[in-house]
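Please look over the model below with these numbered notes beside it.

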Amino acid sequence: MAEVRLVGPNGEQVGIVPVQDALRLAEEAQLDLVEVAPTARPPVAKLMDYGKYKYESAVKARESRRNQSNTIIKEIKLRPKIDPHDYETKKGHVERFLKGGDKVKVTIMFRGREQSRPELGRRLLSRLAEDVSELGAVESQPKQDGRNMVMVLGPHKRRSEHKAESRAGGGKPRREQRQQEQAGQGT
């Protein structure tokens with residue numbers, strides 16, 4: 001006759017009982033008989049409300065996903081002979097990404113003879129890292145990868161801190177914030 005080690009609804013040990021008795025006890029208590037450890041000798045079964053258990057585990061999973069911060073890596077591509085205005089535009093994008101709490105992968109693409117001058121790319125990447133040093137730091141130093149040179153910048157603050165800061169910022173729409181920033185730069 002098959003037997004199971006039965007655990008009560010509050011976690012108390014009932015003991016080793018035949019499966020028929022365990023099913024009868026579950027029915028009397030209006031609970032489900034759930035096999036918890038099938039490989040144990042004898043198998044372990046528990047009296048519980050299985051629907052309630054599934055609901056609570058789904059709520060816990062949802063809560064843990066909410067508290068988890070996803071790291072997003074944005075990418076910016078540059079060329080070694082970039083125009084000063086284009087450089088400023090790209091730098092602005094990098095600053096925006098770092099302010100948003102995202103990591104930035106900066107890629108410099110070399111073509112033709114440019115490949116023989118990797119120091120130009122290294123100099124450009126170090127200049128960019130220096131320009132955005134108040135918002136982020138270099139996480140991975142520039143390294144040559146075939147025709148490209150890659151560097152990763154990470155923000156000083158975590159993404160969750162940026163969200164809290166932006167909520168505390170008065171909830172102004174993005175357009176108003178931009179207008180205020182531009183007005184401040186014009187003086």
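Which residue is the bridge partner of V106 in strand 8?

1. The partner of V106 is M151. Strand 6 and strand 8 (residues 148-155) pair in the antiparallel sense, over six bridges. Two strands count as paired if DSSP finds at least two bridges between them. Helices (H or I, at least four residues) and strands (E, at least two) are DSSP runs, numbered from the N terminus.

2. A word on the source. This is a predicted model, in which local features need pLDDT of at least 70 and side-chain atom pairs count only at pLDDT 80 or more, while totals for chains, interfaces and linings use all residues. Residues are numbered from 1 along each chain as its sequence is written, and side-chain values use heavy atoms, with hydrogens and water left out.

3. Now the overall plan. The protein has six helices and eight strands. From the N terminus on, their order is β-β-α-β-β-α-β-α-β-α-β-β-α-α. Of the 187 residues, 26% are buried. Buried means under 20% relative accessible area, exposed means over 50%, and partly exposed lies in between (1.4 Å probe, protein chains only).

4. Strand 6 (residues 103-109) also pairs with strand 5 (residues 73-78). This pairing is parallel and has six bridges. K77 has T107 as its bridge partner in strand 6. Between strand 5 and strand 6 the chain passes through helix 3 (residues 84-99), and this β-α-β crossover is right-handed. That term means that, with the strands pointing away from the viewer, the path from the first strand over the helix to the second runs clockwise.

5. Check the length of helix 4 (residues 118-131). Its 14 residues should span 20 Å at 1.5 Å a residue, and its end C-alpha atoms are 20 Å apart, so the two agree. The expected span is 1.5 Å times one less than the number of residues.

6. Which residues of helix 4 are buried? They are G121, L124, L125, L128 and A129. An α-helix has 3.6 residues a turn, so residues three or four places apart point the same way.

7. The other face of helix 4, turned away from its buried side, carries the exposed residues R123 and E130. The cover over the buried residues of helix 4 includes strand 5, helix 3, strand 6, strand 7 (136-145) and strand 8.

8. Find S140 in strand 7. S140 counts as buried because its relative accessible area is 18%. Leaving aside neighbours within four places in sequence, S140 is in contact with M151 and V152. Contact means heavy atoms within 4.5 Å. S140 and K105 are 35 residues apart along the chain, and their C-alpha atoms are separated by 9.3 Å.

9. Turn to strand 4 (residues 44-48). Four of its five residues are buried. Strand 1 (residues 3-7) runs parallel to strand 4, joined by three bridges. Strand 3 (residues 32-37) runs antiparallel to strand 4, with five bridges. A45 is the bridge partner of L6, and E35 also stands opposite A45. A hairpin of six residues joins strand 3 to strand 4.
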